[in-house]
Amino acid sequence: MAQDDNTSGPVPARDRKILACVDGSENSRVAAAFAARLARLTGAHLSLLHVLHLPTFSHWAHVKAQMKREIREEAESMVAEVAKGVEESCGIMPEFFILEGLPREKIVETARADRAIRMVVVGASGEQGHRRAAVTGSLARHLGDRLTSDLPCPLLIVPPEMESDELCEGIEAIAR
């Protein structure tokens, strides 16, 4: 169970990584917590990825630059908070990336660029509140259908109802 997660375990191997995608939603935090436990149990290194999908502006360039800066600062703060929670709760320090573009494209690019990534973990519902129970428009269906055909590794979709005992002990504070 979760008690074993905080004892000394395997040293994270740089040749095996789990990529957890975080968007700030509660479910993406749960997915990151699950990925952290999986990394801890398997001795893999954990990488966190957040993709900035920036609004497009054709006017007011100074407003665009300011909005972009604010969005990036919020993303950096959120990802740093998740990384800190992973380190404190699971005893592993994840690396993290913040990229700009379309989430699906950047997830695939990241996984293809780093051959050490052995699994991609996403939450079943994202920041727009899409639920996997919805027949159309769900993040799980949208990402799952498109990612599974393009990714060079398995995709794990974590449901929002993940039990706390499946997460690293103590990480529930950032996951819920």
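Glu109 is partly exposed, with a relative accessible area of 44%; partly exposed covers the range between buried (under 20% relative accessible area) and exposed (over 50%), using a 1.4 Å probe and protein chains only. Before the views, a word on what you're looking at: this is a predicted model, where local features need pLDDT of at least 70 and side-chain atom pairs count only at pLDDT 80 or more, while totals for chains, interfaces and linings use all residues. Residues are numbered from 1 along each chain as its sequence is written, and side-chain values use heavy atoms, with hydrogens and water left out.

**View 1. Glu109 pairs with Lys106 in helix α3.** The two side chains form a salt bridge, with N to O at 3.3 Å. That term means a side-chain nitrogen of Lys or Arg within 4 Å of a carboxyl oxygen of Asp or Glu. Glu109 and Lys106 are three residues apart in the helix, so about one helical turn separates them. Lys106 is buried, at 18% relative accessible area.

**View 2. Lys17 meets Glu95.** Here the N to O distance of the salt bridge is 3.0 Å. Glu95 belongs to strand β3 (residues 95-100) and Lys17 to strand β1 (residues 13-21), so this pair ties together parts that are 78 residues apart in sequence. Strands (E, at least two residues) and helices (H or I, at least four) are DSSP runs, numbered from the N terminus.

**View 3. Lys17 also meets Asp114.** This salt bridge has its N to O distance at 2.7 Å. It links distant parts of the chain: Asp114 sits in the loop between α3 (103-113) and β4 (117-123), 97 residues away from Lys17 in strand β1. How buried is Lys17? Its relative accessible area is 10%, which puts Lys17 in the buried group.

View 4. Side chains of opposite charge can pair when their charged atoms come close. The protein's salt bridge count comes to nine.

**View 5. Stepping back to the whole protein.** There are five helices and five strands, and along the sequence they follow the pattern β-α-β-α-β-α-β-α-β-α. Of the 176 residues, 44% are buried. Among contacts (heavy atoms within 4.5 Å) with a separation of 6 or more, 77% come from residues 24 or more positions apart.
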